[in-house]
Amino acid sequence: MKVFGWTVLSLVFVDELLAMAAFGVWGWEHEPRWLLVWLLPVVAMFAWWLFASPKAARGGPVVRPVVKVIVFGLASLALLDAGHPGWALALLVFSVVVNGLAQIPAISRLPTDVLREDSARTR
């Protein structure tokens with residue numbers, strides 16, 4: 001189960017990167033391209049860091065999942081609006097599946113378990 005769990009958590013990270021790329025794709029399709037292509041992913045990364053990341057300063061049991069739904073939903077809509085409906089659907093389905101799997105308790109506590117094991121070894 002550990003290998004599967006770490007694979008799922010790795011795919012969650014890939015999903016986050018794909019969402020940021022989707023915002024860049026949307027920015028490339030709109031003016032001012034030179035600004036939006038990098039500004040939108042940076043804004044999305046800042047929102048993720050502040051509210052949705054595992055160590056988010058303002059995250060929580062309600063805020064974190066809501067922000068994740070907003071970010072992945074907007075990333076999918078961005079791809080749809082940029083003229084990539086197949087990729088938009090693929091990103092949306094991928095996001096739902098991997099983030100759903102990451103909620104399985106045995107998977108979601110893997111990083112915490114590793115930290116506990118490491119601190120127990122150093123004692």
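So, what does helix α1 pack against? Its buried residues pack against α2 (33–52), α3 (63–81), α4 (85–101), α5 (105–108) and α6 (110–121). Keep in mind that this is a predicted model. The buried positions in α1 are G5, V8, V12, D15, E16, A19, M20, A22, F23, G24 and G27. Notice that D15 and E16 are on that list of buried residues. As for the helix itself, α1 covers residues 2–28, which is 27 residues, and reaches 39 Å from its first C-alpha to its last, close to the 39 Å expected at 1.5 Å a residue.

Okay, zooming out to the whole chain. The C-alpha trace spans about 55 × 30 × 25 Å along its principal axes. There are 123 residues, and 30% of them count as buried. Take the contacts between residues at least 6 apart in sequence: 57% of those join residues at least 24 apart.

Now the inside. Nonpolar side chains tend to be buried together in soluble globular proteins. Here, the largest nonpolar core has 15 residues, and A19, F23, V71 and A75 have the most contacts inside it. Which elements give two or more residues to this core? Those are α1, α2, α3 and α4, and α3 gives the most, with six residues. There is also a second, separate core of five residues, and V12, V98, A102 and I107 are among them.

Setting aside neighbours within four places in sequence, A75 is in contact with A19, A22, F23 and L91. A19, A22 and F23 are on the buried list for α1.

Next, S95, over in helix α4. Is S95 buried or exposed? S95 is buried, because its relative accessible area is 4%, and the cut-off for buried is under 20%. Not counting residues up to four places away in sequence, S95 touches D15, F72 and G100. D15, remember, is one of the buried residues of α1.

Then L110, which lies in helix α6. L110 counts as buried too, because its relative accessible area is 6%. And what does L110 touch? Leaving out neighbours within four places in sequence, L110 is in contact with K2, G5, W6 and L9. G5 is another residue from the buried set of α1. For a sense of distance, L110 and L89 are 21 residues apart in sequence but 29 Å apart in space, C-alpha to C-alpha.

Most peptide bonds are trans. The one from E31 to P32, though, is cis in this model, with omega near -5°. Where is P32? You'll find P32 in the loop between α1 and α2.

Last stop, the surface. The chain exposes about 8,000 Å², and carbon and sulfur atoms supply 75% of that. On charges, I get 10 positive and 8 negative side chains, with the centres of the two sets 13 Å apart.

Conventions. Residues numbered from 1 in each chain as written. Predicted model: local features only at pLDDT ≥ 70, side-chain atom pairs only at ≥ 80, totals over all residues. Heavy atoms only, no water. Helix = DSSP H or I, 4+ residues; strand = E, 2+ residues; numbered from the N terminus. Expected span 1.5 Å × (residues − 1). Buried < 20%, exposed > 50% of the residue type's maximum accessible area, 1.4 Å probe, protein only. Contact = heavy atoms within 4.5 Å. Areas by Shrake-Rupley, 256 points an atom, 1.4 Å probe, with all protein chains shown as cover. Lys, Arg positive; Asp, Glu negative; His and termini not counted. Charge placed at Lys NZ, Arg CZ, Asp CG, Glu CD. Core = buried A, V, L, I, M, F, W, Y, C linked by side-chain atoms within 4.5 Å.
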